[in-house]
Amino acid sequence: HPSVWIGSSASLGDPDVATPTWPHGSLRQVAITPALANAAVDGMANSCLWPALHGMARSVQWRDEWWRDYQDHNERFAKAIADVAADGDLVWIHDHQLLLVAAFLAVERPDLTVGLSIHTPFDANTLAALPVADALARALEVPALIGVQTVGDRAQLARFCRTRRNDTVVSPASIDPASLAALSHERATQVLVERLRARVSSRRLIVGVDRIDTTKAIPQRIEAIDRAFRSGIFHPDEVEIVQIAQPSRTSLTVSRELRLQIERRAHDVAANWLRSDGTA
């Protein structure tokens with residue numbers, strides 16, 4: 001069905017960000033300044049709500065001004081939706097940056113049916129410890145439907161909401177296997193595969209593919225590899241280890257520090273465990 005995709009304009013002034021296109025309908029910008037995005041998204045959403053949703057209480061940061069800007073950020077999205085939505089439209093909201101939008105829409109456009117997908121785990125205890133836990137719980141009672149990733153997340157959400165909502169669905173994150181299968185058959189991919197096979201030869205290949213964030217345990221994984229070498233489980237001549245680590249949330253200090261930690265530790269392990277021919 002033709003749809004409207006509504007997103008922030010905050011990064012569109014960045015020369016490194018391409019103007020987005022979408023083949024399924026029209027795009028609508030929400031007027032979000034970089035300063036507002038910094039406080040609402042990098043601050044409240046990614047430095048407070050994201051670790052809280054993951055149950056990482058020690059990583060939660062709080063500033064009163066972040067919460068005020070987060071409310072402003074969500075209200076702007078709600079107003080943009082209200083301006084373009086037809087009577088009785090279905091609205092689907094995504095993730096922890098926009099948890100309050102449904103509540104604002106209930107006031108602006110009660111005729112709309114609103115769903116919400118939460119693309120993180122859900123930890124009721126850590127969220128309940130936040131100064132705005134009651135406001136978040138009320139907002140999460142508004143959507144007609146909420147999608148979460150696991151059965152456990154569904155139980156946590158039901159416990160967090162006062163109404164003990166039981167209409168949450170499990171909608172696990174997935175990929176498009178057909179597109180990846182097609183990519184694997186492209187000539188450029190085959191060339192890379194041939195190069196990797198020639199390099200690996202008879203060695204065992206160990207591969208990790210992750211975003212750089214604290215939930216992926218990449219430093220611990222590198223430490224485990226070091227211990228495996230020290231204990232004799234692996235020998236450098238017998239394995240080829242590839243860890244692809246995609247930078248994520250690069251505007252956050254904690255993400256930049258984690259990237260440096262990973263790079264330094266990976267360099268140390270590679271330098272300490274050279275192969276017999278002197279290569280890493």
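A pocket is an open set of grid points with protein on both sides within 12 Å along at least five of seven lines. In this predicted model, the largest pocket holds about 1,200 Å³ of space. Its lining comprises 31 residues, and Trp5, Ile6, Gly7, Phe77 and Leu98 are the closest to the centre of this pocket. Four elements, namely β1 (3–8), α1 (34–53), α2 (64–84) and β3 (90–94), each supply at least two residues of the lining. The greatest contribution is that of β1, with six residues. By residue class, the lining of the largest pocket consists of 18 nonpolar, nine polar and four charged residues.

The second largest pocket has a volume of about 630 Å³. A total of 27 residues line this pocket, and those nearest its centre are Ile241, Val242, Gln243, Ala266 and Ala270. At least two lining residues come from each of β7 (204–211), α9 (218–231), β8 (239–246) and α10 (253–272). The lining of the second largest pocket divides into 19 nonpolar, two polar and six charged residues.

The cysteines were also examined for disulfides. A disulfide is a covalent bond between the sulfur atoms of two cysteines. The structure contains zero disulfides.

Note on methods: Residues numbered from 1 in each chain as written. Predicted model: local features only at pLDDT ≥ 70, side-chain atom pairs only at ≥ 80, totals over all residues. Heavy atoms only, no water. 1 Å grid on protein atoms, 1.4 Å probe; cavity = no way out; pocket = protein on both sides within 12 Å on 5 of 7 lines; lining within 4 Å. Points joined across faces, edges and corners; volume = space filled by probe spheres on them. Nonpolar A, V, L, I, M, F, W, Y, C, P; charged D, E, K, R; others polar. Disulfide = S-S within 2.5 Å.
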